Each structure stands twice: as structure tokens, then as C-alpha cells.
Amino acid sequence: MNVMNAAGNSAYDAPQPLTSRPDIPMLGLPRDYKIRRMGARPLLFRGAELAMCMSFTPELPYWYEMNIYRTEQQTFVLAIRLFFQSDSERDRVRAWEFDTLPSLFSQIETYDAAQDVRFDLTGDIARMSAAELAAQSLDLAARVAAARLHFAGLAGELFAEMDAAA
């Protein structure tokens, strides 16, 4: 898993805090963001990225990316993106705005990656035996457990990197 912050990203200029709060510096120059969300209006704000992490592994069919931003209004934005290797899958984005970092961290800790697992029932349910239904249920349970573990690993990596930087 890769964890980076804005200071390590060459697309950003030297850190330039926008406020006098040294405990949460605004890294890089502020810019306008428009985060498109599924089932909601785009989240529009001006600010800078504080942290970014991703769980890309070539062997997996999907990966997560998390971005944490600080807005000029001194709020915080969390974007959780789910990307797929396959062109037949549609990438997904969820994003929220918070007044405090602890609220944002709570959202990361309680995010349930099970909502990201797609389930396609194969076959005619009216003609399936109980064993066939049980097999599909077990497959779904395994994929949900794998998605939760995958996301938890990314969240743990992010929190560990943040603790080490503090």
C-alpha cells in the first residue's frame, strides 16, 4: 500500500499555510476541487490536499484511494474512491465534508466496504436448490470479508503513517 502526502507530490508547491493554525498546516497552494459523487451533487470547494493513500495491488481487480483535504473555510473533506481494473466496471466515489478531523477519522473507521461489493445472482432463483443458493451466499460472504479487510488495511496504513509523522 502506498501512502503519500501533498508535500511529497511533485504537483504541489512548497507548503504555504493559509491560516495561523500550525497544528494542521495547509500544504501546497489552494486550488478548486470538484468531486463527483454517486447519487449526490458534486462536492465543490477550494483548498489543498493534506493526505492521500491508495491500496493498488496489480493482482487485485479493484483498489481504494483515500484523499483528505482542508478547505479554505477550515473544514475537511474525505473522498473514498473505488477503482476497478476492468473497463466493464464503473469506478465509484464517495465524499463528505466535516467540521473536524476527528469526525473525518471516525468516518474512515466506520466505513463499511461491504457496500462496495457487487453481487450478481447467477441463475434462475426459482429453480436453484438450497445448496446452490448457499454456495452463492458463501461466495458473497467471502467477498464482503475480503473487501472489509482490504479497506481496513488501507485505513490502518494511513493512521500509522499519520502517527509516525506527528
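Residues are numbered from 1 along each chain as its sequence is written. Because the model is predicted, local features need pLDDT of at least 70 and side-chain atom pairs count only at pLDDT 80 or more, while totals for chains, interfaces and linings use all residues; side-chain values use heavy atoms, without hydrogens and water.

Let me begin with the second largest pocket, whose volume is about 310 Å³. A pocket here is an open set of points on a 1 Å grid over the protein atoms alone, where a 1.4 Å probe fits, with protein on both sides within 12 Å along at least five of seven lines; lining residues have an atom within 4 Å of a point. Its lining holds 17 residues, and Y62, F84, V117, R118 and R143 lie nearest the centre. Two or more lining residues come from each of β4 (62-71), β5 (76-84) and α2 (130-165). Of the elements, α2 gives the most, with 3 residues. By class, 9 lining residues are nonpolar, 2 are polar and 6 are charged.

I turn now to T75, in the loop between β4 and β5. Is T75 buried or exposed? T75 counts as buried because its relative accessibility is 11%, and buried means under 20% relative accessible area with a 1.4 Å probe, protein chains only. Another polar contact joins the side chains of T75 and E97, at 2.6 Å. Leaving aside residues up to four places away in sequence, T75 touches Y69, R70, E97, F98 and D99, where contact means heavy atoms within 4.5 Å.

Conventions. Points joined across faces, edges and corners; volume = space filled by probe spheres on them. Helix = DSSP H or I, 4+ residues; strand = E, 2+ residues; numbered from the N terminus. Nonpolar A, V, L, I, M, F, W, Y, C, P; charged D, E, K, R; others polar. Buried < 20%, exposed > 50% of the residue type's maximum accessible area, 1.4 Å probe, protein only. Polar contact = N/O pair within 3.5 Å; in protein donor to acceptor, adjacent residues only side chain to side chain.
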